Every structure is written in structure tokens, then in C-alpha cells.
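User: I have a model open and some quick questions about it. Can you go through them with me?

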Amino acid sequence: MEKTSLHGMWSSRMAFILAATGSAVGLGNIWRFPYLASDNGGGAFVLVYLACIFFVGLPVLIAEILIGRHGRRSPITTLASITRETGVSKGWTGIGWIGIVAGVLILSFYSVVGGWTLRYGWLYLAQLFGGAHITDPGAVFTSMLANPAELLFWHALFMGATVGVVALGVEKGLERAVRFLMPALFLTLLLLVLYGATTGHLGQAAAWLFRPDWSKVDAGVFVAAMGQAFFTLSLGMCAMMTYGAYLPGNVSIPRTVAIVAVCDTTVALMAGLAIFPIVIAFGISPEGGGPGLIFTSLPLAFEVMTGGIVYGLAFFALLFVAAWTSSISLLEPATAYLVERGRSRKGAAILMALLCWALGLLTVFSFNLLSHVRLLDRDLMGLIELVANDIMLPVGGLLIALFAGWVLKDNILREQLAGIPAWGFALWRWLLRVLCPLLVAAVLINALL
Ligand code: TRP
């Protein structure tokens with residue numbers, strides 16, 4: 001077996017932690033988590049979500065990284081070589097293909113929303129130089145969505161930033177980007193939580209987020225929570241598998257993974273504690289905020305607080321950074337695969353980015369030209385999210401759990417997890433073999449019914 005990846009390697013354990021946390025912490029934590037909580041009854045959703053992270057997310061995250069590090073190639077090539085080596089059906093390589101397709105679909109809408117963060121960052125930058133204030137955030141948001149040319153422009157800019165990093169490669173691109181961006185992100189969020197506390201509504205927000213109202217828990221809450229658990233940990237589409245392929249062999253996977261998951265969950269909860277006090281303070285209902293939640297509520301606070309403009313600039317700049325360090329992990333697996341098929345890294349990255357950008361037109365038009373198109377009670381963007389996040393990611397995760405739990409040879413597992421106690425290994429494998437498949441299958445059946 002080879003010891004290094006042909007795409008490059010993380011220079012240290014810290015570099016991997018930053019990159020994996022960079023992938024995990026993104027729009028999912030700061031944009032999606034608060035509005036999903038808002039739409040699904042607060043505490044009820046949060047508890048189910050935390051359970052999904054712990055019982056399903058963590059074991060699958062370990063499995064993905066382990067498979068990646070064993071193969072040291074893009075997901076498709078890695079899975080193909082493991083099936084050959086193990087003598088099982090080549091069909092398992094399909095996990096890699098599902099992953100690539102899911103990644104393309106997710107990046108297509110992710111980049112559009114990433115574009116919103118750039119646009120809002122720009123609005124606040126302009127205000128520093130006398131630009132118009134955002135006095136009616138709802139109207140600003142609505143008029144942005146109504147303008148396809150504007151959305152396309154920022155979507156292109158965001159995709160350009162993503163492809164710029166991925167084209168530079170693992171060490172010169174990905175690793176260099178996350179090294180100072182991630183600490184800066186964490187710090188800004190902390191400041192925002194502190195501001196949230198000064199509104200006097202922190203307790204109310206915390207109660208709403210953490211006190212479950214069980215009457216609100218229905219099948220839909222489970223589907224959303226499971227989808228979000230996969231989305232926020234970047235699971236089910238082999239992004240973490242790809243990052244695992246660049247992980248040095250002497251790093252403990254379970255310990256590293258625990259750090260990444262704790263950071264990711266902390267950021268999501270902090271985002272909730274930063275956003276909901278402000279929402280409540282301004283008399284907005286925390287319920288049913290939808291995807292516009294942070295774009296229509298936070299600007300109200302930025303408008304009245306001292307230094308609010310600088311604050312708004314910092315917030316949206318950092319939201320962009322969070323999205324950026326995630327979107328590179330959405331583009332990397334497909335790029336690595338094309339490189340293995342003989343393309344240059346630059347060419348491969350640009351080709352995939354163009355494809356995702358073009359698919360993003362569906363999301364852009366779902367707010368304006370095609371807003372009348374509704375399927376299964378959703379607009380086009382909602383439909384892509386449903387298919388990719390709520391169905392493909394769990395299906396991918398389910399297959400990864402089965403593959404690692406039942407198919408992978410014991411010696412591969414033990415080599416990759418060297419040093420973990422016997423009970424830990426047994427527990428992990430039982431979760432992968434039995435609990436994860438059952439839970440995910442139950443949720444999927446619900447989603448499809
Ligand atoms: N985890 C990121 C977020 O929370 C999004 C993301 C990046 C992702 N890579 C992924 C989601 C791979 C699913 C699969 O914003």
C-alpha cells in the first residue's frame with residue numbers, strides 16, 4: 001500500500017483539523033441550522049439533531065476518513081481498489097459516484113447562497129463609505145432575490161473564489177486558506193454571542209433552542225435533523241473521505257474526529273445563541289424564519305448598535321469565509337477524480353466549477369423567473385436541497401456505514417484505528433452495522449413517504 005496521496009498531504013494533524021473543521025463549519029451552521037431550528041420548533045429539533053450527530057454522524061465520519069486514508073485516492077478510485085482487494089462487488093464504487101453527483105448538486109445552490117454573503121458584505125463595506133443603510137432588511141432581501149443578474153454575478157464571484165483555492169492544490173490552496181481563516185471565524189462568532197447577551201434575551205433564546213416541545217416532533221423533524229447532521233459534518237458525499245486521503249498515517253482518527261465534531265456543533269449552537277436573542281429583541285418571531293432568517297433579522301441589529309456597520313461587515317465577511325472553506329471541500333472530490341483520469345488540476349477544477357455554476361441557475365431562477373415552478377410543495381432550490389441533502393447524503397452515509405461495518409476487512413479497520421480501546425472499536429462497529437443503518441433507513445423511508 002502507498003503511504004502518500006498523489007494530490008498532496010496535510011502537513012500536520014492541526015492542518016487536517018482546520019481543513020476538516022473548515023469543511024464542516026459553513027453555511028450549514030450559521031445560515032441553515034438557525035432557520036431549520038426556527039422552522040421545526042426550536043428545542044425539539046435541536047435535541048433530535050444532536051442525537052443524530054452523536055449516534056450517526058460521528059461513526060460515519062470515522063468510517064469516511066478511515067476509508068479515505070486507506071485508499072489515498074479520490075473516492076471513486078479508492079472504493080474501486082478496495083473492492084478489488086477485498087473481492088467484493090464493484091457496485092460499492094457507486095458510493096463514490098453518488099458522492100460526486102451530490103457534491104455537484106450541493107455546490108450549485110451552496111454557491112448561490114455564498115454569493116448572498118458576498119453581496120451583504122459588500123453592502124456593509126459600502127456603508128462605511130457613505131452607502132445607503134439597510135433600514136428595511138426584508139425589502140433588501142426580497143429585491144436581491146428578484147434580480148437574477150445580480151444573483152448570478154455574486155454566485156460567479158463565489159464560485160471563482162472556490163475554484164481559485166482548489167486549483168492551487170492541497171498544500172498551497174486548501175491548507176493555506178484555512179490556517180488563519182478558521183481562528184478568525186471563531187473569534188467573530190464569539191463577539192456576536194456576547195452582543196446577543198447584551199440584548200437581555202439570551203436566556204429566552206437559549207430556552208427556545210434547548211427546551212424541547214415534544215408536541216412539535218414529527219417525522220418531518222427527524223428528516224430535517226438527520227439531513228442537517230449529514231450536511232453540517234460534510235458527510236455522505238465522500239468529501240471527508242477525500243480529506244482523509246491526505247491525512248498522515250500516524251494521526252489518531254477517532255480523537256481528531258471528535259475535535260472536528262465538537263467544533264462544528266459548538267459553532268452551530270453559538271450561531272443560534274448569537275442570532276435568536278437579536279431576533280427576539282427586535283420582536284421577530286423565532287418561529288418559521290425560513291432561509292431568509294439571518295439576512296432579514298441581523299441587519300436590524302447592525303443598524304442600531306454602536307459600530308454596527310463594522311460589525312455587519314465582519315459578520316458577513318466571516319460567513320463568506322465559513323462558506324468558502326466548505327465549498328472547497330465540495331469541489332475537491334470531483335477534481336481529484338478528474339486529475340486521476342489524466343486532467344491537470346487547474347483544468348479539472350475549472351471544468352467542475354463551470355458545471356456547478358451552470359446548475360446553480362436553477363437555484364437562482366427559483367427565486368424569480370421560475371418561482372412559480374413547484375414540485376412536492378417546494379420551489380426548485382428546495383427540491384435540489386431535498387434530493388441532495390435529505391436523500392442523497394443519508395443514502396450515501398447509509399452505504400458507507402454498511403460498507404465499513406460489514407464489508408471492509410477487519411485488518412484494514414484495525415490498522416486505521418490502531419490504539420483505540422477494544423470496547424470503543426466494538427461500539428463503533430455496532431453503531432455502523434446496526435444502529436446507523438436502522439436509523440437512517442427509518443428516516444429515509446419517512447422522507448420518501
Ligand atoms: N458542512 C458544510 C456546511 O455546514 C457544507 C459542506 C461542505 C458539505 N462539504 C460538504 C455538506 C459535503 C455535505 C457534504 O455548511
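User: Which backbone atom of Thr232 lies by a nitrogen atom of the ligand, and at what distance?
Analyst: A backbone N or O atom of Thr232 is 3.2 Å from a nitrogen atom of the ligand. A polar contact here is a pair of N or O atoms within 3.5 Å; within protein, one must be able to donate a hydrogen and the other to accept it, and residues adjacent in sequence count only if both atoms are side-chain atoms.

User: How much of the ligand does the protein cover?
Analyst: The protein covers 100% of the 370 Å² of accessible area that the ligand has on its own. Accessible areas come from the Shrake-Rupley method with a 1.4 Å probe, and for residues only the protein chains shown count as cover.

User: What should I know about the source before going on?
Analyst: This is a predicted model, in which local features need pLDDT of at least 70 and side-chain atom pairs count only at pLDDT 80 or more, while totals for chains, interfaces and linings use all residues. Residues are numbered from 1 along each chain as its sequence is written, and side-chain values use heavy atoms, with hydrogens and water left out.

User: Which residues are closest to the ligand?
Analyst: Ala24, Gly28, Tyr110, Phe231 and Ser329 are the closest of the 17 residues that surround the ligand. A residue counts as near if one of its heavy atoms lies within 4 Å of the molecule.

User: What distances do Gly28 and Tyr110 have to ligand oxygen?
Analyst: A polar backbone atom of Gly28 is 2.7 Å from an oxygen atom of the ligand. For Tyr110, a polar side-chain atom lies 2.5 Å from an oxygen atom of the ligand.

User: Which helices supply at least two residues of the shell?
Analyst: Helix 1 (13-24), helix 2 (27-39), helix 5 (94-128), helix 10 (219-232) and helix 14 (308-340) each do. Helices are DSSP runs of H or I with at least four residues, numbered from the N terminus.

User: How many charged residues are in that shell?
Analyst: The shell has no charged residues; nine are nonpolar and eight polar. Asp, Glu, Lys and Arg count as charged, Ala, Val, Leu, Ile, Met, Phe, Trp, Tyr, Cys and Pro as nonpolar, and the others, Gly among them, as polar.

User: Changing topic. Where is Arg72, and what is its phi?
Analyst: Arg72 is in the loop between helix 3 (43-71) and helix 4 (75-86). Its phi is positive, about 60°, although Arg72 is not a glycine. Most residues other than glycine have a negative phi.

User: Is Arg72 buried or exposed?
Analyst: Arg72 counts as buried because its relative accessibility is 4%. Buried means under 20% relative accessible area, exposed over 50%, and partly exposed in between, with a 1.4 Å probe and protein chains only.

User: What about Cys238, where is that?
Analyst: Cys238 lies in the loop between helix 10 and helix 11 (239-245). Cys238 has a positive phi too, near 70°, and is buried, with a relative accessible area of 1%.

User: And Arg345, what does its side chain contact?
Analyst: The side chains of Arg345 and Glu332 are joined by a polar contact of 2.8 Å. Arg345 lies in helix 15 (residues 345-365) and counts as buried at 15% relative accessibility.

User: Last one: how far is Glu150 from Arg119 in space?
Analyst: Glu150 and Arg119 are 9.0 Å apart, C-alpha to C-alpha, and 31 residues apart in sequence. Glu150 lies in helix 7 (residues 148-168) and counts as partly exposed at 22% relative accessibility.
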